[in-house]
Amino acid sequence: MGFTVYQMDVKSAFLYGTIEEEVYVYQPLGFVDPAYPNKVYKVIKALYGLHQAPRAWYETLSSFLMENGFGRGTIDKTLFIKKNKSDIMLVQVYMDDIIFGFTKKSMCTEFEDCMHKRFQMSFMGELTLFLGLQVKQQPDGIFISQDKYVADILKKFDFWSIRTATTPIESNKPLVNDEDGKDVDVHVYRSMIGSLMYLTASRPYIMFAVCACSRFQVTPKASHLNAVKRIFRYLKHQLKLGLWYPRDSPFELEAFLDSDYEGASLDRKSTTGGCQFLGRRLISWKCKKQTIVANSTTEA
C-alpha cells in the first residue's frame, strides 16, 4: 500500500499506568521518613519493577487510542487501526516503542499532535531499527534483516573465527538422545538456543535445525552442542541474508506442509509439526517453491 513506517518512543512509559490492585512498597533507602520509619507507601501509579506495570501501561495507552478513533486488533491486541474513508493508519505497540504507517500524511501529523498532548514522546523518524531488526524502506518494498545481531551472537559465543558450514544441519545424521554422550554446560547450551530462536524472525530456514536442537535442552550432550555449533558455522558462512517484501506482492497466502513422520526417529511425530507463516507467504525448506530470502548486499 506504499506505507512509509515511522517510529516514536514514549519516555518513562510505565509511569503513566494506573494500577487497580492494592500494592505497597518499602520506603526507599535514603528517603525514609524519620517520623514514620516503619511505615510503607501505598502505590497509586505504576512503577518500574512492578509485575503490573506493563499491563497497566498497555491499558492506559489502549484506552487513549480508542478514545481518539482507533480500533483495537481482534487477534493482535497491540495493533491499532484507524480508517477515514479510503485512508488507513496502522499503529503497532511494543512496550514503549511505537511504529506506525499511513496512507495520508495529515493522519501522521494528527497522530503526533495527539500523542504529544498526553505523553512525553520522542519522534525518531523513519523506521530503521526495531527490536534488533534492521529495516530498509525503499520505494519498491521493504527489506528486513538481522545482520548486526548475527555478528553480535557470533562474537558473544566466540564463533567469529571458526570455519564455516554450507548447511545448518547434517541431513544424513539425525539427532538422537545420546544418553552415553558427554554432558555439556546446560546454561551455555540454552543461551545459544535462545539466541538462535530470536534470529528465526528473519532467517526462517534455520527454524528446523534450531527446533531439532532445542529438544535436548534438559540434558544436552556433546553431539547436540556440535549440532548447535554447526548452525553458528552456517551463519558465519551466510552473514547477510534477510526477508524482502516487494511492494507489488500479492496478498494471497500460499501454504505448504511437510509432515515427515519417518524422519522423526525419536518419537515418530511430524518433523515440522505444521506450517511456518512468513508474512504473506509460507516456505517449506523441502519444496523450495517460493523464496523470499535475499542478499542484503545486493540491490533490491
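**Exercises on backbone and core**

Leu15 is partly exposed, its relative accessible area being 37% (buried: under 20%; exposed: over 50%; partly exposed: in between; 1.4 Å probe, protein chains only). The model is predicted, so local features need pLDDT of at least 70 and side-chain atom pairs pLDDT 80 or more, whereas totals for chains, interfaces and linings use all residues. Residues are numbered from 1 along each chain as its sequence is written, and side-chain values use heavy atoms, without hydrogens or water.

**Exercise 1.** Locate Leu15 among the strands.

*Solution.* Leu15 belongs to the loop that joins strand 1 (6–10) to strand 2 (18–26) (strands: DSSP E runs of at least two residues; helices: H or I runs of at least four; both numbered from the N terminus).

**Exercise 2.** Describe the backbone and setting of Met95 and of Asp158.

*Solution.*
1. Met95, not a glycine, has a positive phi of about 55°.
2. Its loop runs between strand 6 (87–94) and strand 7 (97–102), and Met95 is partly exposed at 25%.
3. Asp158, also not a glycine, has a positive phi of about 60°.
4. Asp158 sits in the loop between helix 3 (147–156) and helix 4 (186–199) and is exposed, at 61% relative accessibility.

**Exercise 3.** Characterise the largest nonpolar core.

*Solution.*
1. This core (buried Ala, Val, Leu, Ile, Met, Phe, Trp, Tyr and Cys joined through side-chain atoms within 4.5 Å) has 33 residues.
2. Val91, Ile98, Phe100, Phe111, Met115 and Phe119 touch the most other members.
3. Helix 1 gives the largest share, seven residues.
4. Beyond four places in sequence, the contacts of Val91 (heavy atoms within 4.5 Å) include Phe70, Leu79, Ile98 and Phe111.
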